[in-house]
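Visitor: I am new here and would like to learn how to read a structure. Could you walk me through this one?

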Amino acid sequence: MVVNQKLEAALEALKGDMLETLGRWIQVPSVRSDPAENAPFGVEVRRALDTAMADIARLGMNPRDVDGYCCDAEIGQGEETIAVLAHLDVVPEGDGWHDAPYGATIRDGRMIGRGTADDKGPAVAALFAMKALVDAGVPLGKRVRLILGCDEESGMEDLTYYEEKIGLPACGFSPDANFPMINTEKGITAMTLTASVQDERLISIQSGTRSNVVPGLAVAVVKGDIREQAAEAYECDNESCEIETSLEDGNTIIRITGIPAHGSMPDKGVNAAKHLLAVLYRLGIGGDSIAALYETTGTENDGRGLGIAGADEISGKLTLNLGLLSVTAGQLSVTYDCRYPVMYNGETVRRLVAACLGERGFVMEPGRDSKPHHVPESSALVTKMMNVYNEIMGTEARPYAIGGGTYARHLKEGVAFGMIFPGEQELEHQADESIDIENFYKAARIYAYSIAALCE
Ligand SMILES: [Zn+2]
């Protein structure tokens with residue numbers, strides 16, 4: 001990487017504008033809501049899109065409104081196009097903030113606000129990297145297309161629409177995750193199985209909100225007074241988890257709290273549903289369907305009890321999250337979120353699970369399988385961008401694999417690239433989301449040189 005003095009000067013000159021622009025973007029609470037005219041994801045998301053397009057135009061680029069689903073803008077010339085995918089929508093602010101969630105407060109070298117890290121900060125960094133390349137007159141032998149989506153957090157309808165209406169470039173990156181780079185995303189399949197419960201004592205179970213979250217709460221209602229036995233059967237060495245029991249109308253309510261976590265990293269949480277299964281199993285409640293679940297998935301998160309455990313060198317281990325569990329009117333339903341390695345086949349995973357639990361009376365429902373995504377480390381895309389990153393950071397970092405799905409999997413050859421640096425706190429989707437302002441500028445510099453390298 002050759003340091004380009006004009007580019008350095010352009011990046012430096014844009015810093016104030018970058019920060020001011022991000023502040024205005026943060027002040028729009030662009031959480032998805034009911035659709036309105038020309039606003040498929042609600043008026044606030046529309047306002048974020050209008051704000052972004054006005055800034056893109058102000059910076060001398062030509063924004064295109066893709067019916068409120070996305071906007072895009074291009075620089076450079078040539079046959080090929082490099083895509084840069086980021087998004088303008090945010091998840092709801094939630095509770096526990098020490099500052100106004102949409103205040104864009106600046107303190108101690110950080111900007112605080114929902115969307116600073118995910119994903120308005122990275123979007124602004126990428127936009128100003130492009131602006132700096134134009135200002136510095138860096139020759140670009142390819143076109144660079146910034147695409148800003150409006151529905152990344154709620155279902156990715158934005159890029160599906162864009163893909164159908166306009167078409168996505170084959171190659172590019174998404175600044176919507178971590179540095180150094182994510183070049184591998186495991187396959188994702190959600191598996192729902194049902195069975196009948198042959199034990200009238202078990203009246204109901206309720207646990208989980210979404211299959212891709214480790215349940216933090218599990219509640220069961222069991223006939224009779226088994227408060228003492230249930231408390232005795234409960235075993236958990238994590239002190240912030242607990243069991244509570246109470247008696248209502250002659251039934252015992254068992255309430256177990258765990259620790260929620262993202263379903264792609266089940267080991268980071270404590271699964272309340274699994275602890276409930278263990279209690280019921282030890283007391284012999286729930287018949288063979290509860291026993292089958294406990295014996296196959298009650299303890300491990302790697303699918304070994306279902307015969308699907310495994311790993312490959314590129315992606316690491318398979319993970320299995322028991323995300324949803326319910327029993328009502330004698331019907332049990334369980335949903336697993338499985339993240340499987342690149343070398344695996346999702347259909348085989350599903351077939352093995354259906355067969356294993358099928359022997360114990362379970363039936364699997366049809367479900368979605370999102371194929372694994374992988375861009376080889378030897379590809380031009382990965383090597384060029386990693387070279388820039390490593391030279392700027394003075395590291396010898398290599399790309400890595402995750403279990404989650406990013407925007408990058410929409411591109412045939414796409415990687416996730418920043419902008420959370422290694423060792424930085426991961427605050428996306430949490431209270432007090434914020435970014436380090438110097439790292440924000442650094443990310444813009446990495447993006448600028450990376451784009452220049454890709455367009456040589
Ligand atoms: Zn995001």
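Visitor: Into which domains is the protein divided?

Guide: Welcome! This is a predicted model, where local features need pLDDT of at least 70 and side-chain atom pairs count only at pLDDT 80 or more, while totals for chains, interfaces and linings use all residues. Residues are numbered from 1 along each chain as its sequence is written. Domain bounds come from an automatic or database domain assignment. Here, domain 1 covers 5-186 + 372-454, and domain 2 covers 189-370. Their centres, taken over C-alpha atoms, are 37 Å apart.

Visitor: How many residues of domain 1 are in contact with domain 2?

Guide: Two residues are in contact if their C-beta atoms, placed from the backbone, lie within 7 Å. Nine residues of domain 1 touch twelve residues of domain 2.

Visitor: Which residues of H8 are buried?

Guide: Helices (H or I, at least four residues) and strands (E, at least two) are DSSP runs, numbered from the N terminus. A residue is buried if 20 or more other C-beta atoms lie within 10 Å of its own, exposed if 12 or fewer, and partly exposed in between; C-beta atoms are placed from the backbone. In H8, that gives Val349, Arg350, Val353 and Leu357 as buried. They sit on the same side of H8, because their arc around the axis is only 95°, taken from the directions from the helix axis to the C-beta atoms. The face turned away from that side carries exposed Glu347, Thr348 and Ala355.

Visitor: What do the buried residues of H8 pack against?

Guide: Their partners are E10, H7, E18, strand E19 (363-364) and strand E20 (369-370).
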